[in-house]
Amino acid sequence: MASKQITDRAVNHVWKYPDAKLISLGIGDTTEPIPHVIASSMIDYVQALSTPEGYRGYGAEQGNKELRKAIAQKFYKDTGITDTEVFVSDGAQCDISRLQLLLGSNVTTAVQDPSFPAYTDSSVIIGQAGDFDDRNQKYRNIEYMSCGPQTHFFPDLSITPRTDIIFFCSPNNPTGHAASRVQLQQLVEFAHKNGSIIVYDSAYAVYITDDSPRSIFEIPGAKEVAIEISSFSKFAGFTGVRLGWTVVPKELRLSNGFPIINDFNRIVCTCFNGASRISQAGGLASLSSDGFKAARSRIDYYMANAKILLDAFASLGLKVYGGTNAPYVWVHFPGLSSWDVFNMILEKTHIITVPGSGFGPGGEEYMRISAFGNRKTIVEATRRLESLLP
Ligand SMILES: Cc1ncc(COP(=O)(O)O)c(C=O)c1O
């Protein structure tokens with residue numbers, strides 16, 4: 001697993017250079033504090049829990065009604081998605097695995113290549129993936145849909161075999177590409193034609209700056225073929241607080257006509273038991289007018305970091321992608337192994353990055369650079385990166 005290898009190499013590096021000030025541009029974790037207006041709502045909630053009037057025990061497994069409504073209103077306003085189709089969770093990653101439990105081991109699965117590793121790893125755990133083939137670095141039963149610059153970071157659907165499930169992330173981690181409306185229309189059409197279910201991950205939708213869709217449900221016909229998972233992690237700095245949601249439209253049915261929302265509800269009631277009430281109070285505050293504004297300012301901050309990093313890598317003469325609709329910059333090092341580039345950057349600059357191959361074989365020759373970080377550190381990183389100039 002790339003994250004373990006990265007940590008090991010960072011530890012070794014610190015042993016080797018005890019005085020080096022290591023900078024991490026590797027983490028996909030938020031670094032700036034949660035805005036006060038959001039944090040104080042959680043403090044108030046916790047305080048109320050210590051009073052007889054304010055104490056609450058278990059909540060609804062599907063989430064607090066008010067929060068479900070606020071999510072439907074804020075993120076799905078013109079799509080017809082209602083609060084009863086929104087399931088509040090403890091994060092998108094946990095819902096990916098709970099969905100896999102619902103889908104079981106007998107389904108075929110496609111992922112973008114490169115993509116967030118949890119899709120493939122959860123497919124492996126549930127038994128969908130088959131053996132790993134060392135020669136091509138792929139699991140035999142997983143369909144890797146190549147999504148590089150040559151295909152505008154979108155799969156060539158004319159050569160993509162039918163699968164039961166298609167994991168699709170937009171904006172994509174690691175490439176930073178947000179799928180266009182036309183691309184998503186093609187994807188929805190493809191799923192309809194094949195009777196496939198799209199599991200759409202919109203964890204970075206709030207980072208989109210152009211007119212790319214923020215949700216798959218902006219696409220007509222998506223409700224019959226898609227589930228959407230999303231998160232407060234990168235939106236409100238809740239990576240440690242833990243809060244997310246999944247939308248399962250009522251229209252989505254199995255081939256025998258059974259509504260999948262009923263199955264998902266059963267999974268949520270059995271394998272989960274509702275998100276923390278405290279996190280949900282924070283989530284609700286982040287969707288208030290002041291909370292949203294404050295969360296937005298953090299997003300703008302990270303995106304300004306992304307612009308600094310984009311410019312820095314471009315000035316090294318490298319081809320760079322992403323960074324405008326997502327807090328990730330995707331840098332091409334043609335002909336080089338991404339682990340070799342990782343080692344070279346670490347050795348020369350004491351900066352941690354993420355080798356693209358950690359996101360699938362399609363990430364080879366690329367590095368993912370994270371814009372999450374304090375501005376001073378980002379600026380210092382760009383200064384150090386100049387030493388990579390030939
Ligand atoms: C694409 C994507 N989906 C989901 C997650 C996990 O989100 P959460 O913190 O809500 O579990 C991440 C985290 O980095 C991510 O990059």
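In this protein, 29 residues of domain 1 are in contact with 34 residues of domain 2, where contact means that the C-beta atoms of two residues, placed from the backbone, lie within 7 Å. On the domain 1 side, α10 gives the largest share, six residues. By class, that side has 13 nonpolar, 12 polar and four charged residues. Here Ala, Val, Leu, Ile, Met, Phe, Trp, Tyr, Cys and Pro count as nonpolar, Asp, Glu, Lys and Arg as charged, and the others, Gly among them, as polar.

Before we go on: this is a predicted model, where local features need pLDDT of at least 70, side-chain atom pairs count only at pLDDT 80 or more, and totals for chains, interfaces and linings use all residues. Residues are numbered from 1 along each chain as its sequence is written.

So where are the domains? Their bounds come from an automatic or database domain assignment, and their C-alpha centres lie 25 Å apart.

| Domain | Residues |
|---|---|
| domain 1 | 2–34 + 291–388 |
| domain 2 | 65–287 |

Now for a pair of helices. Helices are DSSP runs (H or I, at least four residues), numbered from the N terminus. Glu66, Leu67 and Ala70 in α3 meet Gln280, Gly283 and Leu284 in α9. That contact divides into three nonpolar residues, two polar and one charged.

Finally, the ligand. There are 13 residues around the ligand, and Gly91, Ala92, Gln93, Ser231 and Ser233 come nearest; a residue is near if its C-beta atom, placed from the backbone, lies within 6 Å. This shell has four nonpolar residues, eight polar and one charged.

Definitions and conventions:
Helix = DSSP H or I, 4+ residues; strand = E, 2+ residues; numbered from the N terminus.
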